[in-house]
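Thanks, everyone. Let me put the structure up, and then we'll walk through it.

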Amino acid sequence: MPFITDDPNMRRDWLVAGPATAEPRTTRLLGETIRLWTDASGTPHCRLGDEPLAVQSRYGYFWVCPDGRPVRALFDFPEYAEPGRRTIDCGGIGVAVSGLRVVENFLDMAHFPFVHADYLGKVPHTEVAKYKVDVDPATGEIWATDCRFWQPRASAAHDSGSEVRYRYRVMQPFSAMLYKSSFRAGALDAIGLFLQPIDEEHVIAHTLLACYDDNSTDAELIAFQHTIFGQDKPILENHAFKRMPLEGRAETPTRGDTASVSYRRWLRERGMRFGVLQPAGAAA
Ligand SMILES: [Fe+2]
């Protein structure tokens with residue numbers, strides 16, 4: 001059985017495998033090297049050695065289902081094709097930590113004033129106001145809504161402080177989306193975070209913008225995302241545990257992390273094992 005995990009949460013879902021290119025390229029997925037390309041008719045292909053794998057091309061990326069029997073369709077991302085939005089692939093960044101940690105960090109507003117000082121937060125504006133977290137019964141996705149945070153410079157388009165409104169969405173254990181106040185009144189920018197699992201302690205983080213911004217160049221928007229991610233990366237890679245504890249008291253939840261608590265519960269309910277710290281004494 002190829003691939004390093006038997007966790008159906010990974011084997012039977014659609015996993016991002018980088019930008020959907022025409023030129024053949026190789027990349028790593030769950031401990032294997034796979035080859036991907038798009039043929040002249042626009043059909044995507046994926047091979048592990050000589051073996052064809054299930055693949056689709058959506059939202060500018062290849063998505064691979066390792067064992068070919070997906071339990072669900074790939075999530076919807078209607079903003080990707082919405083007229084007037086700019087969609088920008090900000091490139092893949094390698095991070096040496098479990099993908100579950102990267103999503104958990106993405107959902108956490110409390111770190112903004114400390115890790116993203118002068119960008120996404122600033123002392124003394126440290127309070128995370130109460131917000132709502134629900135699981136959508138139709139899609140099984142987590143939604144965190146009514147999130148608000150004071151930010152000195154919320155995006156490349158902002159040059160002064162404002163209270164920014166957020167909505168978070170977790171579509172897959174390794175995929176999340178953030179919607180936040182945009183340059184255009186009443187509309188929300190969408191920022192997708194799609195994690196390509198290399199192994200249990202390494203991912204490539206792909207960030208995709210679907211935003212309104214009439215002022216910034218693509219290079220400026222990408223540079224802003226890289227600045228923010230560059231602030232998170234060393235923190236993520238310095239976790240005492242590279243994998244995420246789901247059981248017990250390995251880490252005590254703190255205030256303002258309702259989304260993190262819900263995400264961990266949601267992972268437990270799915271029987272998530274890949275990227276999870278096994279309790280001492282448990283079989284690996
Ligand atoms: Fe961050």
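Which residues does alanine 17 touch, not counting residues up to four places away in sequence? The list is Thr27, Leu29, Ile34, Leu36, Phe62, Trp63, Val64 and Gln196. Contact here means C-beta atoms, placed from the backbone, within 7 Å.

Some ground rules. This is a predicted model: local features need pLDDT of at least 70, side-chain atom pairs count only at pLDDT 80 or more, and totals for chains, interfaces and linings use all residues. Numbering starts from 1 along each chain as its sequence is written.

Now the core. The largest nonpolar core has 73 residues. By that I mean buried Ala, Val, Leu, Ile, Met, Phe, Trp, Tyr and Cys residues joined through C-beta atoms within 7 Å. Buried means 20 or more other C-beta atoms within 10 Å of a residue's own, with C-beta atoms placed from the backbone. Ala17, Phe62, Trp63, Val64, Val102, Val103 and Ala176 touch the most other members. Strand β14, residues 202–211, gives the largest share, seven residues. Strands and helices are DSSP runs, E of at least two residues and H or I of at least four, numbered from the N terminus. Domain 1 (8–65) and domain 2 (83–269) both contribute, so the core lies between them. Those bounds come from an automatic or database domain assignment.

Next, alanine 20. It sits in the loop between β1 (15–19) and β2 (25–29). Alanine 20 is buried, with 20 other C-beta atoms within 10 Å. Beyond four places in sequence, alanine 20 contacts Thr38, Pro44, Ser57, Gly60, Tyr61 and Phe62.

Last, helix α4, residues 218–237. Leu221, Phe224 and Leu236 are buried there. Their cover includes β8 (86–95), α2 (99–106) and β14.

How values were computed. A residue is buried if 20 or more other C-beta atoms lie within 10 Å of its own, exposed if 12 or fewer, and partly exposed in between; C-beta atoms are placed from the backbone. Two residues are in contact if their C-beta atoms, placed from the backbone, lie within 7 Å.
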